[in-house]
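Please read each point with the model open beside it.

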Amino acid sequence: MAYIKIDKEKCKGCLLCVVNCPKGLIVQDEEISIRGVEMVSFQDKDNECSGCAFCALMCPDVCIEVYR
Amino acid sequence: MEKTFSRPKSMRNVVMHYCAGCGHGIVHRLICEVIDEFKIREKTIAIAPVGCAVLAYDYWDFDTTESAHGRAPAVATGIKRILPDRIIFTYQGDGDLAAIGTAEIIHTANRGENITVIFVNNAVYGMTGGQMAPTTILGQKTETTPWGREPKSDGYPLKISEMLSLLPGVVYIERTAVNNAKNVLLTKRAIKKAFLNQIENKGFSLVEVLSSCPTYWHMSPVEAMKWIDTEMTKYYPLGVIKNNC
């Protein structure tokens, strides 16, 4: 079981993590952040995350921490 | 449960000024990771460029100096000659390295200075507002080539890495990209190799990183990363261009 933490204050909503997650566990929120963008959130109800860190590798703003 | 990925120690915990989806943030992080892994943070001196990455010193937590536009390799030469035990690298964009700084990079490479150059190529001028750069590919629309770059009036894109590979002073040149997770890992490997060459006193190394500029390519960040793969790598093929070490 693995999970990620997203720093929502730094997220600019580029969605590179969303398209790079092999299991589609990151989705765009409707909530608007302090920077005026729709942020992303991690939704893993079935504990599918393997901690591959593809999302974190692609995040240009280093918003993602991976725990495994 | 263990933390397996987080912000490198050499990278300050601040919000960067880059646009959403800009590749600079990824390259900044990779450099910091390599510096942390080699444990050379206390003896690294970076030279920041003029361009979008002009504020890089706000994001890196090691010694950084600023240079005049395009003159980063000349500043790096000076620092390396005075302090040969330090690790010196320049971080330059394509406007900085391939346009105004062409003379400096060619002569620094030709002298075989023992420095590392990280060349971020996004095929457009970012900071000044999206004008054509020497590396803009044929047909690419920019503010100054609104119908696409034409070889007749605008010339051909400059393949600076291939040009520099002809010089005997150069030991290592590789072109990579940051458009997907695999290429990000390959970019990190190339940056690591370029720093290792300097640590082992082998000579001049350059890593050209194809990066995205969603704002001035007028695309979404996801489309921009795809465009690197479908269009940019056709003209700028990825891989090791010179390895003499």
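**Notes on the two chains**

1. A:Leu15 counts as buried, because 21 C-beta neighbours lie inside 10 Å, where 20 or more are needed for that label. The model is a predicted one, and that should be kept in mind at every point below. A:Leu15 is found in the loop between β1 and α1 of chain A, and its phi is near 70°, a positive value in a residue other than glycine.

2. Is A:Ala53 buried or partly exposed? With 19 other C-beta atoms within 10 Å, A:Ala53 is partly exposed, since being buried takes 20 or more. A:Ala53 is found in the loop between β3 (38-42) and α2 of chain A.

3. Which strands make up the open sheet of three? Its order is β1(A)-β4(A)-β1(B), with antiparallel pairing, so that the sheet takes strands from chain A and from chain B. The edges are held by β1 of chain A and β1 of chain B, each of which has a single partner strand, and therefore one side of each is left without a neighbour in the sheet. Neighbouring strands of this sheet are turned by 35° against each other on average, direction ignored.

4. The pairing in this sheet can be followed residue by residue. Four bridges join strand β1 (residues 3-6) of chain A to β4(A), and the two run antiparallel; A:Ile4 has A:Val66 as its bridge partner in β4(A), while A:Tyr3 has A:Tyr67. On the side of chain B, two bridges join β4(A) to strand β1 (residues 3-5) of chain B, again antiparallel, and there B:Lys3 is the bridge partner of A:Tyr67.

5. In a regular strand the side chains alternate between the two faces of the sheet.

6. The contact between the chains takes 22 residues from chain A and 25 residues from chain B. On the side of chain A that touches chain B, α1, α2 (54-58) and β4 of chain A each supply at least two residues, and α2(A) gives the most, with four residues. By class, this side of chain A has 14 nonpolar, three polar and five charged residues.

7. Chain B has an open sheet of seven strands, in the order β3-β2-β4-β5-β7-β6-β8 and with mixed pairing. Why is one side of β3 (63-66) and of β8 (239-243) of chain B left without a neighbour in the sheet? These strands stand at the edges, each with a single partner strand, and so have no neighbour on one side. Neighbouring strands of this sheet are turned by 15° against each other on average, direction ignored.

8. Within the sheet of chain B, strand β4 (residues 87-93) and strand β5 (residues 116-121) run parallel and are joined by five bridges, with B:Thr90 standing opposite B:Val117 in β5(B). Helix α7 (residues 181-199) of chain B lies across β4, β5, β6 (170-177) and β7 (204-210) of chain B, and it runs at about 165° to β6(B).

9. Helix α9 (residues 221-235) of chain B has 15 residues and reaches 21 Å from its first C-alpha to its last, close to the 21 Å expected at 1.5 Å a residue, and yet α9(B) bends by about 40° at B:Ile228. The buried residues in α9(B) are B:Pro221, B:Ala224, B:Met225, B:Trp227, B:Ile228 and B:Met232. An α-helix has 3.6 residues a turn, so residues three or four places apart point the same way. What covers the buried residues of α9(B) includes α1 (16-20) of chain A, together with β6, β7 and α8 (214-217) of chain B.

Methods:
Residues are numbered from 1 along each chain as its sequence is written. Chains are lettered from A and ligands numbered from 1 in the order in which they are written. This is a predicted model: local features need pLDDT of at least 70, side-chain atom pairs count only at pLDDT 80 or more; totals for chains, interfaces and linings use all residues. Two strands pair if DSSP finds at least two bridges between them. Axes are lines fitted to C-alpha atoms, for helices over the stretch in contact, and angles run from 0 to 180 degrees between N-to-C directions. Two residues are in contact if their C-beta atoms, placed from the backbone, lie within 7 Å. The expected span of a helix is 1.5 Å times one less than its number of residues. The bend at a residue is the angle between axes fitted to the seven residues ending there and the seven starting there. A residue is buried if 20 or more other C-beta atoms lie within 10 Å of its own, exposed if 12 or fewer, and partly exposed in between; C-beta atoms are placed from the backbone. Ala, Val, Leu, Ile, Met, Phe, Trp, Tyr, Cys and Pro count as nonpolar, Asp, Glu, Lys and Arg as charged, and the others, Gly among them, as polar.
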